[in-house]
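Thanks for coming. I have one chain to go through today, and I will start with a question once it is on the screen.

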Amino acid sequence: MGIGSRPASCTACGKRLGRKHWYYRNGLYFCQVRCWETHREKLAEEKAAKDSAAQAAAAKPSAPAEAKSEAGAAGTAQAPASAEAKPAAPAQ
Ligand SMILES: [Zn+2]
């Protein structure tokens, strides 16, 4: 009773769990503490990758719009500036 609910193998490495030597963490079973740490690190890495991917996806739509408006502003600002700079160049 109860003990039959645990899986037969380690969540991290897939090694068969012994009758006595196994560890239970956050609803998962591992053959050794090291496997739990490995699995936890893997989850953290996956979460970080997911977060950065979500951030990149969230940043993508605003980036081209920003670049476009910036380029438009720079284009209108540059035109008079370069026209003014042209007469100054020969005087150098
Ligand atoms: Zn293991």
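Leaving aside its neighbours within four places in sequence, which residues is C31 in contact with? Contact here means that the C-beta atoms of two residues, placed from the backbone, lie within 7 Å. By that rule, C31 is in contact with C10, C13, K15, L17, H21 and W22.

Before going on, two notes on the source. This is a predicted model, where local features need pLDDT of at least 70, side-chain atom pairs count only at pLDDT 80 or more, and totals for chains, interfaces and linings use all residues. Numbering runs from 1 along each chain as its sequence is written.

Now the overall layout. The chain has 2 helices and 2 strands, in the order β-β-α-α along the sequence. These are DSSP runs numbered from the N terminus: H or I of at least four residues for helices, E of at least two for strands.

Next, burial. A residue is buried with 20 or more other C-beta atoms within 10 Å of its own, exposed with 12 or fewer, and partly exposed in between, the C-beta atoms being placed from the backbone. Of the 92 residues, 7% count as buried. In helix α1, residues 33-59, the count of buried residues is 2 among 27.

At the other end of that scale is P7, in the segment before β1 (23-25). P7 counts as exposed because it has 11 C-beta neighbours inside 10 Å. Its C-alpha atom is 8.0 Å from that of L17, 10 residues away along the chain.
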